[in-house]
Amino acid sequence: MSAPGRPQHRRHAVPVLMYHHVSPSPGMINITPGNFERQIAWLAADGWTALSTAQFAGHLRGEPVPDKSVLITFDDGYLNNWLYAHPILLRYGMRAALFVVTGWVHDGPVRQCGQAQADQAGRLTHRECGQRIQAGACDEVIARWSELQAMRQAGSFEIHSHTHTHTRWDRQCAGRQEKAAAIAADLQASRQALVRHLGGVSEHLCWPQGYFDDDYRQAAQAAGFRYLYTTHAFGRNLPGGDPGHIYRFAVRDRDERWLAQRLRLARHPLWAPLYNRFKAWKKGLKPGA
């Protein structure tokens, strides 16, 4: 997928991009199909390699990857990922990792990507999608198992766990023992669903709402997840980095010029650490490398 490039052995960071929605509707954590295509087209034309999660895991272990490498990720598993993002990724020979909330995914036939412009479900905002999910109408806004299978077979998306219920158990449970048991059950249900519908489950897990603590991390590792993805943007994914704390930054609804500038900053050996420390300090977070 995309040009292989020339492997480099020096310590360089691999930025991890975080998307949620690709939809014509403006709003929170959404990018329009036009801007998404401009970004993906630029990545392909500029010689970037969209890594698989296996290649990214190898990078963290110190294995060489092309110098201009990036990992593209999507959270939740929205229908608009199938309707809009999937054909764009295919068009430019790029790929992404999709972290799905397995309890939201339903059975049913594949819906046609070519009708996306007329499909109102593909135009719903993040808030409207959340309202449909809360009302039990997940199938209206979440990709089906058949669509996840089609994306995986086509090579546009890998499918990984984003838990089964997308619940913050630290807010729901009275004590640590109850919380640990709930997290373990949630992760086990997600693993079972992925095995049942897709034939297997990986070691990659993305935290709901980006939240985790030691109890979450211990439960994930006990469940067989090693590579844990956060929403913490202010750090670099370097060789030898912690697989239990993978940094990602949210991609804005901007064109390729914004992405090019953001990637230059994320990879710069001097400016990236300074930027990360400053931004983390402003938000009261612990800075990464």
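Which elements each supply at least two residues of the lining of the second largest pocket? The model before you is predicted, so local features are reported where pLDDT is at least 70, side-chain atom pairs count only at pLDDT 80 or more, and totals for chains, interfaces and linings use all residues. Residues are numbered from 1 along each chain as its sequence is written, and side-chain values use heavy atoms, with hydrogens and water left out.

Let me begin with the pockets. A pocket is defined on a 1 Å grid over the protein atoms alone, as an open set of points where a 1.4 Å probe fits, with protein on both sides within 12 Å along at least five of seven lines; lining residues have an atom within 4 Å of a point. Volume is the space filled by probe spheres set on the points, which are joined across faces, edges and corners. Helices (H or I, at least four residues) and strands (E, at least two) are DSSP runs, numbered from the N terminus.

The opening question is answered by β7 and α4, the latter spanning 126–134. Of these, α4 gives the most to the lining of the second largest pocket, with four residues. That pocket holds about 380 Å³ of space. Its lining has 19 residues, and those nearest its centre are D76, W104, H126, H166 and Q209. For residue classes, Ala, Val, Leu, Ile, Met, Phe, Trp, Tyr, Cys and Pro count as nonpolar, Asp, Glu, Lys and Arg as charged, and the others, Gly among them, as polar. On that basis the lining of the second largest pocket comprises seven nonpolar, 10 polar and two charged residues.

The largest pocket contains about 740 Å³ of space. Its lining counts 32 residues, with T231, H232, A233, F234 and R248 closest to the centre. Two or more lining residues come from each of β2 (16–19), β4 (30–31), β12, α9 and α10 (271–283). Helix α9 is the leading contributor, with four residues. By class, the lining of the largest pocket divides into 16 nonpolar, 10 polar and six charged residues.

H166 has a phi near 60°, a positive value in a residue other than glycine. Most residues other than glycine have a negative phi. H166 is found in the loop between β9 and α6, and is buried, with a relative accessible area of 18%. Here buried means under 20% relative accessible area, exposed over 50%, and partly exposed in between, with a 1.4 Å probe and protein chains only. T163 is found in the loop between β9 (157–161) and α6 (169–172). Its phi is near 75°, again positive in a residue other than glycine, and T163 counts as buried at 5% relative accessibility.

I turn now to salt bridges. A salt bridge is a side-chain nitrogen of Lys or Arg within 4 Å of a carboxyl oxygen of Asp or Glu. How many does a search of the whole structure find? The total is 15.

R267 pairs with D67, their closest N and O atoms lying 3.2 Å apart. R267 is partly exposed at 22% relative accessibility, whereas D67 is buried at 18%.

D242 and R217 form another salt bridge, with 3.0 Å between the closest N and O atoms. This pair links distant parts of the chain, 25 residues apart: D242 in the loop between β11 (227–229) and β12 (249–250), and R217 in helix α8 (residues 214–222). Both partners are partly exposed, D242 at 35% and R217 at 22%. Salt bridges that share partners also join R111, D139, R144 and E147 into one network.

In the pair R168 and D170, the closest N and O atoms are 2.7 Å apart. R168 is buried at 12%, while D170 is partly exposed at 24%.

Finally, the cysteines. With a disulfide taken as a pair of cysteine sulfur atoms within 2.5 Å, the count comes to zero. The sulfur of C138 is 10 Å from the closest cysteine sulfur, in C129, which is too far for a bond. C206 is in no disulfide either, since the nearest cysteine sulfur, that of C129, is 17 Å away. C138 is buried at 7% relative accessibility, and C206 is buried at 0%.
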